[in-house]
Amino acid sequence: MSLDLLLGLQWGDEGKGKIVDAITSNYDIIARFQGGPNAGHTIEFDGHKHVLHTIPSGIFNKDSINIIGNGVVIDPGIFLKEINGLKKFNIDLNSKLFISKRAHIILPTHKIIDATSEASKGKKKIGSTLKGIGPTYMDKTGRNGIRVGDIIEDNWLTKYDNLKEKHLNLISNFNQKVDISLDQLEAEFFEGIKCLKSFNLIESENYLNRSISEGKKILAEGAQGSLLDIDFGTYPFVTSSNTTSAGACSGLGVPPNKIKNIRGIFKAYTTRVGSGPFPTELFDSIGKKIREVGHEFGATTGRDRRCGWLDLVALKYSIQINGVTELNIMKSDVLSSIGKLLVCTSYTIDGEQVDFFPYDITSKDITPNYIEFKGWDMDITEVKNEDELPDELIDYIDYIESFVDVPIKLISVGPDRKQTIYRNK
Ligand code: GDP
Ligand code: IMO
Ligand code: MG
């Protein structure tokens with residue numbers, strides 16, 4: 001009887017979707033607990049490449065139940081598109097996918113507020129995915145939001161109209177023009193609402209706690225990454241939810257004493273999409289090569305992902321905040337043939353050496369201090385066993401493990417489900 005967590009430890013896009021899909025047969029239930037369609041989780045198998053935004057990444061396993069938990073925010077229009085995109089896989093979605101009545105709904109006007117607010121910030125913009133995430137969580141904490149359970153009540157359209165009216169007032173106060181058609185968004189929204197209503201809308205906290213008592217195994221799938229956490233990330237360049245392990249308790253209604261393993265996922269280097277500080281960012285041909293080889297373009301927005309060296313100061317911080325018990329290193333294949341590799345082990349800030357992730361990395365001038373590793377040239381994408389990996393990669397991995405003092409139990413060497421090396425540590 002347990003709940004395991006799977007979390008991204010950097011700025012998102014670590015490969016969470018791939019790993020959830022790869023290990024999903026070990027679980028009865030996969031549950032998303034925060035975020036919304038700002039997430040893009042890519043899964044590759046049998047020649048298919050599929051990106052999920054709101055639906056948990058366990059959906060391709062025929063035996064597991066998938067839950068969209070109370071901490072998630074749902075855009076009905078995007079949800080409908082996701083459902084339609086899954087049709088070709090012939091999955092019995094109605095019996096496999098349950099949605100929390102407590103999850104909040106992203107309204108068309110939330111997306112317009114997001115775009116207007118970003119436009120008004122000019123150069124200081126967050127680089128939001130513009131999916132309406134921030135405004136929807138603002139309405140949730142401001143106690144104005146509309147929840148999934150509301151859409152089956154008779155008076156729900158009145159609630160919708162009242163909130164929309166408030167939003168339109170707010171938007172007019174920004175004095176910013178954005179090129180978005182509310183009519184079109186509303187048409188998609190109401191089609192999506194019909195689709196949402198056709199699903200099992202449940203008290204998912206009750207379902208999950210009952211399942212735990214019955215001995216079922218649950219995996220909570222995080223979205224975004226720890227450095228985008230609203231409390232512990234690089235504020236204000238963060239998302240609007242708790243992406244860290246505590247978020248799984250509040251986002252699913254499952255108590256902390258039920259959590260067993262906390263699996264932290266990180267790339268062998270670092271990426272970030274959107275604005276905000278990134279101490280180890282590369283602006284040279286190496287950064288460009290990592291982007292090209294690693295296909296580092298946003299799964300949700302298509303934007304270039306910024307690329308840089310692995311930052312162990314940040315990784316150690318994320319491990320501490322989350323209580324990570326096991327690590328998975330992703331995309332090590334992308335570092336083949338890069339030449340020597342650098343890893344950041346401390347920062348210099350105002351002439352002082354700093355070995356923890358500080359409160360403010362936005363306004364300070366931060367110089368990363370690196371140690372150097374020998375690279376490798378071998379193509380590792382077909383490797384099945386750890387013994388066949390180049391010694392230089394094993395040295396790289398051993399160093400990370402000893403620095404953060406948590407075992408790396410999985411090495412990912414390609415995007416496909418099968419390109420995964422499990423270690424017996
Ligand atoms: P998520 O948001 O954490 O699920 O990650 P994304 O799907 O946004 O981005 C990860 C990208 O890397 C996707 O295109 C994956 O298919 C791909 N990917 C995952 N693991 C690996 C790996 O080990 N090697 C390579 N080359 N690509 C990977
Ligand atoms: P997955 O789950 C990477 C980033 C955005 C922006 C900031 C705030 O695929 O790892 P928001 O739309 O939440 O208001 O944007 O957070 N961001 C992500 N970056 N992966 C994600 O999700 C992200 N979700 C949001 O780029 O900088
Ligand atoms: Mg992603």
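1. The model under review is predicted. Along the principal axes, the C-alpha trace spans about 65 × 50 × 40 Å.

2. The secondary structure of the chain comprises 12 helices and 20 strands. Contacts between residues at least 6 apart in sequence are joined in 77% of cases by residues at least 24 apart.

3. As to burial and surface, 59% of the 425 residues count as buried. The chain exposes about 18,100 Å², of which carbon and sulfur atoms supply 48%.

4. The charged side chains number 51 positive and 57 negative. The centres of these two sets lie 4 Å apart.

5. Aromatic rings form 18 pairs in the model. One of them joins Phe45 and Phe89, whose ring centres are 6.1 Å apart and whose planes meet at 45°, so the pair is tilted. The tilted class lies between the stacked pairs, with planes under 30 degrees apart, and the edge-to-face pairs, with planes over 60. Phe45 belongs to strand β3 (residues 41-45), whereas Phe89 sits in the loop between α2 (76-85) and α3 (93-96); the pair therefore ties together parts that are 44 residues apart in sequence.

6. Are the two partners of this pair buried or exposed? Buried means under 20% relative accessible area. Phe45, at 8% relative accessibility, therefore counts as buried. Phe89, at 17%, also counts as buried.

7. A further aromatic pair consists of Phe373 and Tyr399, with 5.3 Å from centre to centre and 65° between the planes, an edge-to-face arrangement. This pair links distant parts of the chain, since Phe373 lies in strand β18 (residues 366-373) and Tyr399 in helix α12 (residues 391-404), 26 residues apart.

8. The members of this second pair fall into separate accessibility classes. Phe373 has a relative accessible area of 12% and is therefore buried. Tyr399 reaches 26% relative accessibility, so this residue counts as partly exposed.

9. Which residues do ring pairs link into a cluster? The cluster consists of Phe373, Trp376, Tyr396, Tyr399 and Phe403.

Definitions and conventions
Residues are numbered from 1 along each chain as its sequence is written. Chains are lettered from A and ligands numbered from 1 in the order in which they are written. This is a predicted model: local features need pLDDT of at least 70, side-chain atom pairs count only at pLDDT 80 or more; totals for chains, interfaces and linings use all residues. Side-chain values use heavy atoms; hydrogens and water are left out. Helices (H or I, at least four residues) and strands (E, at least two) are DSSP runs, numbered from the N terminus. Buried means under 20% relative accessible area, exposed over 50%, partly exposed in between (1.4 Å probe, protein chains only). Contact means heavy atoms within 4.5 Å. Accessible areas come from the Shrake-Rupley method with a 1.4 Å probe; for residues, only the protein chains shown count as cover. Lys and Arg count as positive and Asp and Glu as negative; His and the chain ends are not counted. The place of a charge is taken as NZ of Lys, CZ of Arg, CG of Asp or CD of Glu. Rings of Phe, Tyr and Trp (its six-membered ring) pair if their centres lie within 6.5 Å; planes under 30 degrees apart count as stacked, over 60 as edge-to-face and the rest as tilted.
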